[in-house]
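My entries follow the display.

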Amino acid sequence: MNQPVLPAPEANWVFGYGSLMWNPGFAFEERQNALIRGLHRALCIWSHVHRGTPEKPGLVLGLDRGGSCRGVAFRVASEHWDATVDYLRRREQATSVYIEILHEARLEDGRHVRALAYRADRAHRQYCGKLPDRQLLEVVRGGVGLSGANPDYVLATHDHLDELGIPDRTLAWLSHQLRG
């Protein structure tokens, strides 16, 4: 598993762009909307555990090359940092489809921080790249894994982005189709 050099205790930030935004699963001291550049949110990962199985995969989000991504940054207390990283590695790295990175994030209040994030590993067999909308819909409709049904993941993520005023064309289209 690719493990970065962890940030200094005064800079324990985690960047969420998918389910971490609405279900972080760890204690945090501060939460801020944040922007990262050079990576964008994409349904580019075949889910074999959380939202699908190897036989019938679902789709989950990854940070992929190019563009930018608006999401949420969480500051974790130093005394909880090691446990938080352990938790995130168990949750996000069930099949090692992500590369754990430290990436600069600009917080809503203007600060720049280094945040732990999970980037899609384009060399991993579960990386699917950009699929056509109709295929995305078909896969999402059929995916169910340990964390539940794939449509629930897509709808919850879209709804949370909507609450934050963050547009996402793909998730908006999928949500409309799933609810329609």
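**Entry 1: the largest pocket**

I sorted the lining of the largest pocket and found 15 nonpolar, eleven polar and three charged residues. Here Ala, Val, Leu, Ile, Met, Phe, Trp, Tyr, Cys and Pro count as nonpolar, Asp, Glu, Lys and Arg as charged, and the others, Gly among them, as polar. I note that this is a predicted model, in which local features need pLDDT of at least 70 and side-chain atom pairs pLDDT 80 or more, while totals for chains, interfaces and linings use all residues. Residues are numbered from 1 along each chain as its sequence is written, and side-chain values use heavy atoms, without hydrogens and water.

On a 1 Å grid over the protein atoms alone, a pocket is an open set of points where a 1.4 Å probe fits, with protein on both sides within 12 Å along at least five of seven lines; lining residues have an atom within 4 Å of a point. I looked up which of the 29 lining residues lie nearest the centre of the largest pocket: they are Ser19, His50, Arg91, Glu92 and Tyr98. Its volume is about 440 Å³, taken as the space filled by probe spheres set on the points, which are joined across faces, edges and corners.

**Entry 2: the second largest pocket**

I recorded a volume of about 230 Å³ for the second largest pocket. Its lining has 16 residues, with Arg41, Ala42, Leu43, Lys130 and Thr170 nearest the centre. I counted eight nonpolar, three polar and five charged residues in this lining.

**Entry 3: two helices**

Val139, Val140 and Arg141 in helix 3 meet Asn150, Pro151 and Val154 in helix 4 (contact: heavy atoms within 4.5 Å; helices: DSSP runs of H or I, at least four residues, numbered from the N terminus). I sorted the residues of this contact into four nonpolar, one polar and one charged.
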